[in-house]
Amino acid sequence: MPLAIADTYTYRVPDEMLRPEIGMRVLVPLARKQLIGIVASVETNTEIEAGKIRDVLLLPDIMPVVQASQLRLWRWIADYYMCSIGEVMAAALPAKLHDVHYSPSEGCRRVRLSEYTSSPIAPNPLDEQQLRAMQQIQSEWHERDVVLLHGVTSSGKTEVYVHLIQEQLIAGYSVLYLVPEIALTTQLTDRLQAVFGNQLVVYHSRVTDAQRVEIYRQLLVTPEPRLILGARSAIFLPTDKVQLIIVDEEHEPSYKQQDPAPRYHARSTAIMLAYQLGAKVLLGTATPSVETYHNALNGKYGLVRMPQRYKNLLLPRITMIDLQRQYHRREMYGHFSDPLVERIREELTKGKQVILFQNRRGYAAYLQCTECGHVPHCPDCDVPMTYHRMPDSLVCHYCGHTQLPFTVCPQCGATMRVHGFGTERLEDEVEQYFPEARVDRLDLDSTRTQRAYQNIINRFANHEIDILIGTQMVTKGLHFNDVSLVAVLNADGLLNQPDFRSYERTFQMLEQVAGRAGRTGQQGEMILQTFDTKHTIYEHVLAHDYEGLFAAQIAEREKFNYPPFVRLITLTLRHRDETRVETAGQILQQRLGAIFGSRCSALLTPGISRVKNLFARQLQLRIETTANIAYAKSLLLREMHLLEGNPAAKGVVITPDVDPM
Ligand code: ADP
Ligand code: ZN
C-alpha cells in the first residue's frame with residue numbers, strides 16, 4: 001500500500017529480510033519509482049516464484065507505524081465512503097512518514113509538543129444540573145454506546161466533559177475530543193490545559209509537519225493516557241487506548257470533509273471507531289442535527305438534557321426587526337435599522353460589548369453595472385466575484401481567483417454599483433455610525449494566522465474592542481463576559497439556500513449566535529433584522545424552541561424522502577467540455593435508472609455548474625435505510641468503472657459522495 005497511491009499491491013519479502021509485521025512501513029518499487037508503503041497483510045505463499053512479483057526493497061523501521069485499529073478504520077472508511085484505501089491513508093498519515101529517512105523510533109528531538117509546564121488545577125465542582133447529567137450519561141452508557149448531551153448554550157457542557165475525561169485518564173485510558181475547527185478553540189484549549197497539563201495533545205491543521213508527525217509518533221510509542229483534542233482529522237491518530245470519544249458541537253457541517261476524498265463525516269466515523277475500540281461516544285450540542293436527534297428519540301442513542309444555563313441565567317431575549325418596514329420608512333443607517341442603532345448605543349453607554357453577525361466576508365456580494373446589469377463573474381467558475389476593499393479587488397470565493405475591480409462596466413462603460421454587504425462593509429458602516437466605538441472584525445480575511453485570530457479574541461475578551469463584527473466564526477463556542485447584545489444584520493441570507501438542510505442550519509446558526517449573549521450576569525438580547533418576519537422558522541427561533549423546529553423538519557424530511565429516512569449518495573461528473581459531461585451523465589443516468597429505478601434522480605445541473613473551469617453534472621441516489629447499502633454501492637462502483645471505459649465519457653471524472661452535506 002504505497003503512500004499516495006490508491007490501492008493495495010502484492011510484494012515478495014526476500015528470504016534474507018525479516019518478516020514484516022502488519023502496519024510496518026516498507027520501501028517498494030512501483031512503476032519507475034521507489035515508494036514508502038504500509039503492510040496491510042502478510043501471507044505465506046511459497047508457490048509464487050521469485051521474479052513473478054517484485055521484492056520489498058527495505059524495511060526502514062523496527063516497529064509498525066499504523067496500529068491494527070487504524071487499519072480497520074481505514075478499511076471501513078474506504079468501503080463506506082466509496083474511496084480507495086490509499087486515499088484514506090494519504091489523509092491519515094503525516095507527510096513525514098512518506099520519507100524513508102525519517103525514523104519513527106527516534107523522532108525529532110527538537111520538536112516540543114507541549115508548551116505547557118504549569119501544574120494542573122482541579123476541575124470545577126459540578127452544579128446540580130451538571131452532576132445529574134453526568135450520572136445520566138454514565139448510566140445510559142451501560143445500555144448504549146452513543147449518548148447525546150443536549151444542553152442549551154452556556155449550560156456548562158464543557159465542565160461535564162472535563163469530569164468525564166478525568167475519569168478516563170485516571171483509569172489509564174485516552175480520550176479523543178473532537179471539535180469542529182480547532183483554530184477557533186483558544187478558550188477551550190486554555191481551559192483543558194489548566195486541568196490536564198501535559199496530558200493534553202492538540203492536533204490541527206495549523207501545527208507544522210514536524211509537530212504533526214511527532215504527535216503521531218508519541219501517541220504510537222508512549223504508554224501514557226492522553227487527551228487528544230483535535231479537528232476531524234484527529235480521528236486518524238493512533239487511538240488504540242481511547243475509551244471515550246467526545247464530539248462537541250456535533251451538528252457542525254465542518255465535520256464532513258468535502259474535498260478531496262475520503263469524504264468522511266467525522267461524527268459517523270467516530271461512532272464506528274468507538275464501536276471497533278469498544279469505546280463510548282458523547283455527542284454534545286445545544287442544537288442537535290436532525291439525524292442525531294432522531295436517533296436519540298428513537299432510542300438508538302441515549303439522550304441527556306441540560307435545559308438550564310449555568311447559574312440559571314436566562315437565554316437571551318430575541319427581538320425581530322422588519323426590514324421591509326424600515327426601508328419603506330427610510331429609517332435605516334446603511335444596513336442598520338433605527339432601533340438597532342439605538343440599542344447598540346445604549347449598550348455601549350453602559351460599557352457593554354456587542355457582536356454583529358453577517359455570514360458573508362468581503363465588502364459587497366458583487367458589483368453590477370447600473371446600465372446594462374452586467375455582473376462580473378469569475379473567469380473559471382460560474383459565480384459572481386465578491387468585492388473586497390482591503391485590498392481593492394474582486395475575489396472568487398470558490399477558486400480564489402483575484403483581480404482588480406472594474407470601475408466602469410467592461411461591457412458598456414457605465415458605472416458599477418456594489419450590491420449586498422459583507423463584514424468588511426459593515427466595519428466601514430460601524431466606523432461611520434459609531435465613531436467612538438472600538439471595532440474589529442473576525443472572519444477568514446482578518447485571521448489568516450492563528451496569532452491574528454488569538455489576538456482579536458484576547459482583545460475582545462479584555463474589552464479592548466467594543467463591537468466585534470464577524471462571520472460564523474463568532475458563533476463557535478466563544479465565551480465573553482460582557483457581551484449583552486448580538487445582532488444578525490440579515491437573517492434571510494441564511495434561509496435562501498437551495499438545500500434541504502437550510503432551515504435546520506439557519507436555526508442552528510441563530511441559536512448559536514444568540515448563545516454568545518448574556519453569558520454572565522443579566523439576560524442578554526439578540527436582534528434579528530429580516531425582510532420576512534412571517535417566516536415560520538422565526539417562531540421557533542424566537543422561542544428557542546428546538547423541539548418545535550425538529551418536529552417540523554422531521555415531518556418534512558419524511559414527506560419528501562430525505563435523510564434520516566433514506567441515505568443519499570451523489571455522483572458528481574466533471575469535465576472541461578460541457579457536452580461531454582452532459583453525454584456521460586445521460587449514459588450513467590440511463591444505466592442507473594435501469595438498476596435503481598426511481599431511486600436515481602434525473603441528471604441534474606448543480607446550482608454552480610462550473611468551478612475551476614470544470615463543468616459539473618450530478619446524479620442523486622436515495623437508498624432506503626432498510627436496503628443493503630453495501631450491495632447498492634458495489635453496483636454503483638461497477639457502473640462508474642464501466643462508464644470510465646466508455647469512449648463517449650473519456651476523461652470525465654466521477655466523484656461519489658456518501659451522506660453528502
Ligand atoms: P456550554 O459549553 O454548555 O455552552 P460552558 O461549558 O462554556 O457552556 O459554560 C458556560 C460558562 O459557565 C463558562 O464560563 C464556564 O466556565 C462556567 N461554568 C460552567 N460550569 C461551571 C462550574 N461547574 N463551575 C464554575 N464555572 C462553570
Ligand atoms: Zn473561481
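This is a predicted model: local features need pLDDT of at least 70, side-chain atom pairs count only at pLDDT 80 or more; totals for chains, interfaces and linings use all residues.
Helix α5 spans residues 186–196, and its buried residues are T186, L188, T189, L192, Q193, V195 and F196. These buried residues pack against α4, β4, β5 (200–203), β6 (227–230) and α12 (450–461).

The axes of α4 and α5 come within 11 Å and cross at roughly 40 degrees, and the crossing is right-handed. On the α4 side, the contact involves T158, E159, V162, I165, Q166 and L169; on the α5 side, L188, R191, L192, V195 and F196 take part. Seven of the residues in this contact are nonpolar, two are polar and two are charged. Of the α5 residues that meet α4, L188, L192, V195 and F196 are also among the buried residues of α5. An α-helix has 3.6 residues a turn, so residues three or four places apart point the same way.

A search of the whole structure returns 16 aromatic pairs. In one of them, the ring centres of Y161 and Y177 are 5.6 Å apart and the planes lie at 85 degrees; the planes are over 60 degrees apart, so the pair is classed as edge-to-face. The pair links distant parts of the chain, with Y161 in helix α4 (residues 157–170) and Y177 in strand β4 (residues 174–178), 16 residues apart. Both Y161 and Y177 are buried.

A second pair is formed by F500 and Y562, whose ring centres are 4.3 Å apart with the planes at 15 degrees; this angle is under 30 degrees, so the pair is stacked. F500 lies in the loop between α13 (492–495) and α14 (502–514), and Y562 in the loop between α16 (546–559) and β23 (566–575). This pair, too, links distant parts of the chain, its members being 62 residues apart. F500 counts as partly exposed because its relative accessibility is 22%, and Y562 likewise counts as partly exposed, at 23%.

The ring of Y562 also has a charged neighbour: the charged end of R622 sits over this ring, 4.5 Å from its centre. Elsewhere, Y293, F507, Y546 and F550 form one aromatic cluster.

Conventions
Residues are numbered from 1 along each chain as its sequence is written. Chains are lettered from A and ligands numbered from 1 in the order in which they are written. Side-chain values use heavy atoms; hydrogens and water are left out. Rings of Phe, Tyr and Trp (its six-membered ring) pair if their centres lie within 6.5 Å; planes under 30 degrees apart count as stacked, over 60 as edge-to-face and the rest as tilted. Helices (H or I, at least four residues) and strands (E, at least two) are DSSP runs, numbered from the N terminus. Buried means under 20% relative accessible area, exposed over 50%, partly exposed in between (1.4 Å probe, protein chains only). A charge sits over a ring if NZ of Lys or CZ of Arg is within 6 Å of the ring centre and within 35 degrees of the ring normal. Axes are lines fitted to C-alpha atoms, for helices over the stretch in contact, and angles run from 0 to 180 degrees between N-to-C directions. A crossing is left-handed if the near helix is turned anticlockwise from the far one by less than a right angle, and right-handed if clockwise. Contact means heavy atoms within 4.5 Å. Ala, Val, Leu, Ile, Met, Phe, Trp, Tyr, Cys and Pro count as nonpolar, Asp, Glu, Lys and Arg as charged, and the others, Gly among them, as polar.
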